[in-house]
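Thanks for looking at this one with me.

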Amino acid sequence: MSSCAVTYLAVSLAYFFIIVTPSTPSADVSAERAQMIREFLDGHNVARKAVGVPPLAWDTSLSTYARVYANQRRADCRLVHSPGYAFGENLFWGQGRRWNAAEATAEWVTEKQWYHYANNSCSGQECTHYTQVVWRTTIRVGCSKIICNSGDTFIACEYYPPGNYIGQRPY
């Protein structure tokens, strides 16, 4: 085989592998991350639309803060709030790895059943995760999901500006 044919074969094989090989792990991670962001935003914004407040935008700085804080909870997976006083925060814990962004957000939104707009109160159960989701003046959100050492799921969402001010209505 001539050196020209060998070069052509090598270039052809390289081209084949570039075109035909499946997506790289980093592309898969990017697609998974994009899906997670869509799930968080969709869950939040459907609930917000239902009460007539503007949609939230994704904020990568808030997402980074959520990821850093979630990683601090990796060893114990405890629902302990971060010291991020400039942000609102919702935390979620679910047994096992199967929990996704849509399910965590749906859990917070189900608290709507315990919120009473007429007297701006919660009855029976907690509803402050829900009120943070729909807080009118909040405009940005960033979230992160990790798997704790126990194998359980921990999710943190950070909100700016924060909500849940005593005596104020969420919308």
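1. Cys122 and Cys127 form a disulfide, with 1.7 Å between their sulfur atoms; a disulfide here is a pair of cysteine sulfur atoms within 2.5 Å. The torsion about the S-S bond of Cys122 and Cys127 is about -70 degrees, so this disulfide is left-handed. Cys122 is partly exposed at 37% relative accessibility, whereas Cys127 is buried at 1%. For these words, buried means under 20% relative accessible area, exposed over 50%, and partly exposed in between, using a 1.4 Å probe and protein chains only.

2. A word on the ground rules. This is a predicted model, in which local features need pLDDT of at least 70 and side-chain atom pairs count only at pLDDT 80 or more, while totals for chains, interfaces and linings use all residues. Residues are numbered from 1 along each chain as its sequence is written, and side-chain values use heavy atoms, with hydrogens and water left out.

3. How many disulfides does the structure hold? There are three, and with bonded cysteines counted along the chain they follow the pattern 1-5, 2-3, 4-6. As a reminder, a disulfide is a covalent bond between the sulfur atoms of two cysteines.

4. Next, please look at Cys77 and Cys148, whose sulfur atoms are 2.2 Å apart in a disulfide. The S-S torsion of Cys77 and Cys148 is about 75 degrees, so this disulfide is right-handed. Cys77 sits in the loop between α3 (60-72) and β2 (88-94), and Cys148 in the loop between β5 (140-147) and β6 (153-160), so the pair ties together parts that are 71 residues apart in sequence. Helices (H or I, at least four residues) and strands (E, at least two) are DSSP runs, numbered from the N terminus. Both cysteines are buried: Cys77 has a relative accessible area of 5%, and Cys148 has 4%.

5. The remaining disulfide joins Cys143 to Cys157, at 2.0 Å from S to S. Its torsion about the S-S bond is about 110 degrees, so the disulfide is right-handed. Cys143 belongs to strand β5 and Cys157 to strand β6, so the pair ties together parts that are 14 residues apart in sequence. Cys143 is buried at 1% relative accessibility, and Cys157 is buried at 0%.

6. On to the packing. A nonpolar core is a set of buried Ala, Val, Leu, Ile, Met, Phe, Trp, Tyr and Cys residues joined through side-chain atoms within 4.5 Å. Which members of the largest core touch the most other members? Among its 25 residues, they are Phe40 and Val141. Helices α2 (25-50), α4 and α5 (128-133) and strands β5 and β6 each supply at least two residues of this core, and the largest share, five residues, comes from α2.

7. Val141 deserves a look of its own. Leaving aside neighbours within four places in sequence, its contacts (heavy atoms within 4.5 Å) include Leu41, His44, Leu56, Trp58, Leu62, Cys157 and Tyr159. There is also a second, separate core of nine residues, including Ala70, Cys77, Ile146 and Phe154.

8. Last, helix α4 (residues 101-109), where the buried residues are Ala101, Ala104, Thr105 and Trp108. Seen down the axis of α4, these fall within an arc of 95 degrees, so they line one face of the helix; the arc is that of the directions from the helix axis to the C-beta atoms. Asn100 caps the N-terminal end of α4, with a side-chain oxygen 3.0 Å from the backbone nitrogen of Ala102.

Technical notes. A polar contact is a pair of N or O atoms within 3.5 Å; within protein, one must be able to donate a hydrogen and the other to accept it, and residues adjacent in sequence count only if both atoms are side-chain atoms.
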